[in-house]
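This report describes the side-chain contacts of one protein chain. Please look at the sequence and the structure before reading on.

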Amino acid sequence: MNYQEPIHLIIGELIKSRKWKNKFANPRLFHNLTQGEYFDLLSEVTDDFSIWETVYCHRMPLHESIMEWYKGTGLRPYLNELSEHDAEEFEREVYNEVVKAYPIQSNGEIIFRFPRFFFTAIK
């Protein structure tokens, strides 16, 4: 549920840019429902359910730490589609935007928000 977080928005904008849009034959599709859609589905099968959102605030020492995290997850499908040279350039462009989007806190760390949506239901 972190599609509105800066890292996702940055990647989404870059892959649609004139420079990069023709480099990605298969843009990622996300098949998650909205929280309201999950609510409606659960309410059709039970009255006994709970839904909640939690935002984990990971403490990152450097902007490079955010990039390392995302190279193993959200950036991987994009980097895998690019040549080595293009992947390095794309990663550099993402990094430059990450530096702008994630401020450094007074202690030198960076807050990396990671929202998650949960639900439980009893039939």
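How many salt bridges does the count come to? The count comes to nine salt bridges, a salt bridge being a side-chain nitrogen of Lys or Arg within 4 Å of a carboxyl oxygen of Asp or Glu. The structure is a predicted model, in which local features need pLDDT of at least 70, side-chain atom pairs count only at pLDDT 80 or more, and totals for chains, interfaces and linings use all residues. Residues are numbered from 1 along each chain as its sequence is written, and side-chain values use heavy atoms, with hydrogens and water left out.

**Salt bridges**

| Pair | Closest N to O distance |
|---|---|
| E5 and R113 | 3.1 Å |
| E91 and K71 | 3.5 Å |

Helices (H or I, at least four residues) and strands (E, at least two) are DSSP runs, numbered from the N terminus. E5 is buried, with a relative accessible area of 9%, whereas R113 is partly exposed at 37%. Here buried means under 20% relative accessible area, exposed over 50%, and partly exposed in between (1.4 Å probe, protein chains only).

E91 in helix α5 and K71 in helix α3 are 20 residues apart. A network of salt bridges also links K19, E89 and E93.

**The nonpolar core**

In soluble globular proteins, nonpolar side chains tend to be buried together. A nonpolar core is a set of buried Ala, Val, Leu, Ile, Met, Phe, Trp, Tyr and Cys residues joined through side-chain atoms within 4.5 Å. The largest such core has 23 residues, and I7, I11, F90 and V94 have the most contacts inside it. Helix α1 gives the largest share, five residues. Apart from neighbours within four places in sequence, I7 is in contact (heavy atoms within 4.5 Å) with residues including I66, V94 and F112.

**Aromatic pairs**

Rings of Phe, Tyr and Trp (its six-membered ring) pair if their centres lie within 6.5 Å; planes under 30 degrees apart count as stacked, over 60 as edge-to-face and the rest as tilted. The count comes to 14 aromatic pairs. F39 and F49 form an edge-to-face pair, 5.1 Å centre to centre with 75° between the planes. F39 lies in helix α2 and F49 in strand β1, so the pair ties together parts that are ten residues apart in sequence. Ring pairs also link W69, Y70, Y102, F112 and F114 into a cluster.
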